[in-house]
Amino acid sequence: MSPVSGPWPPVPVEPPEIHPKAPAPGTNLGAHFAECFGCGEVEGGLHLRSAIGDDYTVRSKFIVTAAHQGAPGLAHGGLLACAFDEALGTTVGNLLHKPAVTGKLETDFRQPVPVGSTLYIEARLDGIAGRKIYVSADGHLDAVDGPVAVNARALFIAVGFEHFSTHGDPQALEKLAEQHKRNKREWDINP
């Protein structure tokens, strides 16, 4: 990935350690929460689909529909940033098994993304410095090896459960807990 601005990561980092319970390469990932705008089945949502790559990258697929339009016939830049935020958060949550929130997200829009196209996002962990988790991704247009239309990088901050229980909607947290109970998953936030 070419730099969005400045060196990446901007501080000395430790290499990330993949959590022992991280999904195996080749695993298709479901929605972490059915009502998530990024990966859930929300009307008009992104409906991002992700899988673990052989090299512990996370590969996501975003099909751009008319509901994601900004300028006529083109994906809205903010929704593209949202798709990258989801893909990068999915990478952190699934590979590290740490609840984390976005601290900073940078995107570099290299070429237009038309309505009707598919963006193939490949995200990777870049390093960890204390609670700071650095991740980056490239978005290829219409094929896994297609031209890069968007680059992104983000800083996620590892947080405790109290972040969500203090600031989140208690009813939504109950729905998430019920969803995980039905799916026989350990209870977690993201993913």
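This is a predicted model: local features need pLDDT of at least 70, side-chain atom pairs count only at pLDDT 80 or more; totals for chains, interfaces and linings use all residues.
**Strands β1 to β3**

Strand β1 (residues 28-29) runs antiparallel to strand β2 (residues 49-52), and 2 bridges join them. Here Leu29 faces Ser50 of β2. Strand β2 also pairs with strand β3 (residues 58-63), again antiparallel, through 4 bridges. In that pairing Ile52 stands opposite Val58 in β3. The hairpin of β2 and β3 has 5 residues between the strands. Within this hairpin, Tyr56 takes a positive phi near 60°.

**The aromatic pair**

The structure holds 1 aromatic pair. Its members are Trp8 and Tyr134, with ring centres 5.2 Å apart; the planes meet at 80°, so the pair is edge-to-face. Distant parts of the chain are linked this way: Trp8 sits in the segment before β1 and Tyr134 in strand β6, 126 residues apart.

**His140**

Strand β6 (residues 132-141) also contains His140. A polar atom of the His140 side chain lies 2.7 Å from the backbone oxygen of Gly146. Leaving aside residues up to four places away in sequence, His140 touches Thr118, Leu119 and Tyr120, as well as Asp145, Gly146, Pro147 and Val148.

**Burial**

| Residue | Relative accessibility | Class |
|---|---|---|
| Trp8 | 24% | partly exposed |
| Tyr134 | 3% | buried |
| His140 | 15% | buried |

His140 counts as buried because its value, 15%, falls under the 20% cut-off. Trp8, at 24%, counts as partly exposed.

Methods. Residues are numbered from 1 along each chain as its sequence is written. Side-chain values use heavy atoms; hydrogens and water are left out. Buried means under 20% relative accessible area, exposed over 50%, partly exposed in between (1.4 Å probe, protein chains only). A polar contact is a pair of N or O atoms within 3.5 Å; within protein, one must be able to donate a hydrogen and the other to accept it, and residues adjacent in sequence count only if both atoms are side-chain atoms. Contact means heavy atoms within 4.5 Å. Two strands pair if DSSP finds at least two bridges between them. Rings of Phe, Tyr and Trp (its six-membered ring) pair if their centres lie within 6.5 Å; planes under 30 degrees apart count as stacked, over 60 as edge-to-face and the rest as tilted.
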